[in-house]
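Please look over the sequence and the model below. This report takes up an aromatic cluster, then a helix contact, then the overall fold.

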Amino acid sequence: GSIDGMHWAWKNCPSGWAGQYKGKEKKPTIILEAVASQNLRFWHAFFGSPGALNDINVLHRSDLFDGLIAGTSDHIDYTINGHTYHNGYYLCDSIYPPWATLVSSIKNPQDGASRHFATLQESARKDIERAFGVLQARWACLKVGCRLWEKSDVMELMRCCIVLHNMIVEEQSPHDPFLATPLA
C-alpha cells in the first residue's frame, strides 16, 4: 500500500484550539494518515492529529507500526531478486524517515535502472492520492470542510466516510485479495 496524509479543513474549530490546528494550510485542519491499496481501499486510517504537525510527527503518533514493533504483526513473506522478506512495506514520499518498511523514491536517479524504479514507485504511490480524491469526491463534506464543533463528532464522521467508502469498493471488486484485511 501507499501511505500519506490528507488535511481536512475544520471550519468550526474552537478558537482556543485554532493555533495548534493551523499549519501549512493557514487555517485549522485535522490530518488523516492513511494507507490505501491500488483498488482505492483504505486499510489503515489514523485521524485526529492537529494540522500543525507534519507527516513524520503524525507517523510517530500513529499505531501503524505498533504490531511490528511488538512482534505481533502478521508475517508477509515475499521474494524479490532471490531475497526473501518477512514484513510488508509502504510506498511513501521523501519526507518519511528511511525505515526498512518505507520505500521512497530515489531523489536524483543517475542510471536507467534507478530512473525506472523512481518512475514506477512514484506512479504506484499515487494510489493514496487517488484514494483521497475519490473519498472527497464521494463525500462532499470532506471536500468543503467540516462544520461540526465537537472533535469526537468530527472523528466519527471521518470514520463513517472511510467505512462506507470501503464498503463501496468491496462491492465493486469482491474478489480482490486486499479486501481480506480489516480497517485498523
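In this predicted model, four aromatic residues come together as one cluster: W43, F65, Y90 and W99. Across the whole structure, the search turns up 10 aromatic pairs. One of them joins F65 and W99: the ring centres are 5.6 Å apart and the planes meet at 75°. Planes over 60 degrees apart count as edge-to-face, so the F65–W99 pair is edge-to-face.

Where do F65 and W99 sit in the chain? F65 lies in the loop between α2 (55–61) and α3 (66–70). W99 lies in the loop between β6 (90–91) and β7 (102–103). The two residues are 34 residues apart, and their pair links distant parts of the chain.

Is F65 buried or exposed? Its relative accessibility is 8%. Buried means under 20%, so F65 counts as buried. W99 has 32% relative accessibility and counts as partly exposed, because that class runs between 20% and 50%.

| Residue | Relative accessibility | Class |
|---|---|---|
| F65 | 8% | buried |
| W99 | 32% | partly exposed |

Now the helix contact. Helix α4 spans residues 112–138, and helix α6 spans residues 151–172. Their axes are 10 Å apart and cross at an angle of about 105°. Angles of 65 to 115 degrees count as roughly perpendicular, so α4 is roughly perpendicular to α6.

Which residues make the contact? Helix α4 supplies V134, L135 and R138. Helix α6 supplies M158, C161, I162, H165, I168, V169 and Q172. By class, the contact of α4 with α6 holds 7 nonpolar, 2 polar and 1 charged residues.

Last, the fold as a whole. The protein has 6 helices and 7 strands. Read from the N terminus, the elements follow the order β-α-β-β-α-α-β-β-β-β-α-α-α. The radius of gyration is 17 Å, close to the 16 Å that the globule rule gives for 184 residues, so the protein is as compact as a globular protein of that length. Along the principal axes, its C-alpha atoms fill a box of roughly 55 × 40 × 35 Å.

How much of the protein is buried? Buried residues make up 37% of the 184 residues. Contacts also reach across the sequence. Among contacts with a separation of 6 or more, 60% come from residues 24 or more positions apart.

Conventions
Residues are numbered from 1 along each chain as its sequence is written. This is a predicted model: local features need pLDDT of at least 70, side-chain atom pairs count only at pLDDT 80 or more; totals for chains, interfaces and linings use all residues. Side-chain values use heavy atoms; hydrogens and water are left out. Rings of Phe, Tyr and Trp (its six-membered ring) pair if their centres lie within 6.5 Å; planes under 30 degrees apart count as stacked, over 60 as edge-to-face and the rest as tilted. Helices (H or I, at least four residues) and strands (E, at least two) are DSSP runs, numbered from the N terminus. Buried means under 20% relative accessible area, exposed over 50%, partly exposed in between (1.4 Å probe, protein chains only). Axes are lines fitted to C-alpha atoms, for helices over the stretch in contact, and angles run from 0 to 180 degrees between N-to-C directions. Angles under 35 degrees count as roughly parallel, over 145 as roughly antiparallel, 65 to 115 as roughly perpendicular and the rest as oblique. Contact means heavy atoms within 4.5 Å. Ala, Val, Leu, Ile, Met, Phe, Trp, Tyr, Cys and Pro count as nonpolar, Asp, Glu, Lys and Arg as charged, and the others, Gly among them, as polar. The radius of gyration is taken over C-alpha atoms; the globule rule is 2.2 Å times the number of residues to the power 0.38.
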